Amino acid sequence: MKRRSLLTWCLCAVAAGSLLAGCGSDTVEKGVLKIGASPVPHADILKAAEPLLAKEGVKLEIIEFTDYVQPNMALADKELDANFFQHKPYLDNFCKERKLNLVSLVAVHIEPMGVYSKKMKDVKSFAEGAKVAIPNDPTNGGRALKILADAGFFKLKEGVGVNGTPADIIDNPKKVQVVEMEAAVLPRALEDVDYAVINSNYALGVNLNPVKDALFMEGKDSPYANIVAVRANDKRPELQKLAKALTSPEVKKFIEEKYQGAVVTAF
């Protein structure tokens, strides 16, 4: 039996004060795209694309999420038409673990990860046994460990790249303690740890400016472009119009002016 989630009920209840035709079923509404997105910067970028899509006869309904699990499950369950919150390595790993058939529609932007602290002024003068928090999902965790290695906190086994785990730390003279946490709670963890490696969307969400506030930033050559994900067999023209709008000169200008390097375009 198809799972009826709270999201299904919400989508049915909020659309213009009435039930949408086909809500909670496999029926799609022509000319309307329901998109799950992280509030910052993803939802903001989608809003910047709305006027372009309106000219093409496409209406966006943006549903905001603050976690990295529900948007993919809702997309697979056909409660969403697309989502916009993740990079492809995360999507690929998520789909492999849960046997989902979701794919990337288009790459839009890169959110460089950064090392932040409320206690330290740089990444060089930390004390022995310093606590550093990183995301606990495999793709972002390995990415964070590579950033920490690049910043000089410790060394990783040769060749692990962004696929490392705490077990791959081989040279740790100051006995840095790595603490794994949900990505969304890392900004709040800054009160309890010496450093945290935080995705830019979560940093921006608590008014941390990655360019000004990060003590060390991931390079702009990062392969972790944020993508729009869709179901593999969904070829609707509305989705192609969405991809075109999100990679338009207008959206590129919005990202460059709005985020000043904290978010960079991938097109």
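User: At what angle do helix H2 (residues 39-55) and helix H9 (residues 237-246) pack?
Analyst: This is a predicted model, where local features need pLDDT of at least 70, side-chain atom pairs count only at pLDDT 80 or more, and totals for chains, interfaces and linings use all residues. Residues are numbered from 1 along each chain as its sequence is written, and side-chain values use heavy atoms, with hydrogens and water left out. Helices are DSSP runs of H or I with at least four residues, numbered from the N terminus. The axes of H2 and H9 lie 9 Å apart, and the angle is about 115°.

User: Is H2 roughly parallel or roughly perpendicular to H9?
Analyst: Angles run from 0 to 180 degrees between N-to-C directions, with axes fitted to C-alpha atoms over the stretch in contact. Under 35 degrees counts as roughly parallel, over 145 as roughly antiparallel, 65 to 115 as roughly perpendicular and the rest as oblique. H2 and H9 are therefore roughly perpendicular.

User: Which residues of H9 make the contact with H2?
Analyst: Contact means heavy atoms within 4.5 Å. H2 contributes Ile45, Leu46, Ala49, Leu52 and Leu53. From H9 come Lys241, Leu242, Ala245 and Leu246.

User: How is H2 placed relative to H10, oblique or roughly parallel?
Analyst: H2 and helix H10 (residues 249-259) have axes 10 Å apart and pack at about 140°. That angle makes H2 oblique to H10.

User: Which residues in H10 does H2 meet?
Analyst: The H2 side consists of Pro41, Asp44, Ile45, Ala48, Ala49 and Leu52. Their partners in H10 are Glu250, Val251, Phe254, Ile255 and Tyr259.

Methods: Helices (H or I, at least four residues) and strands (E, at least two) are DSSP runs, numbered from the N terminus.
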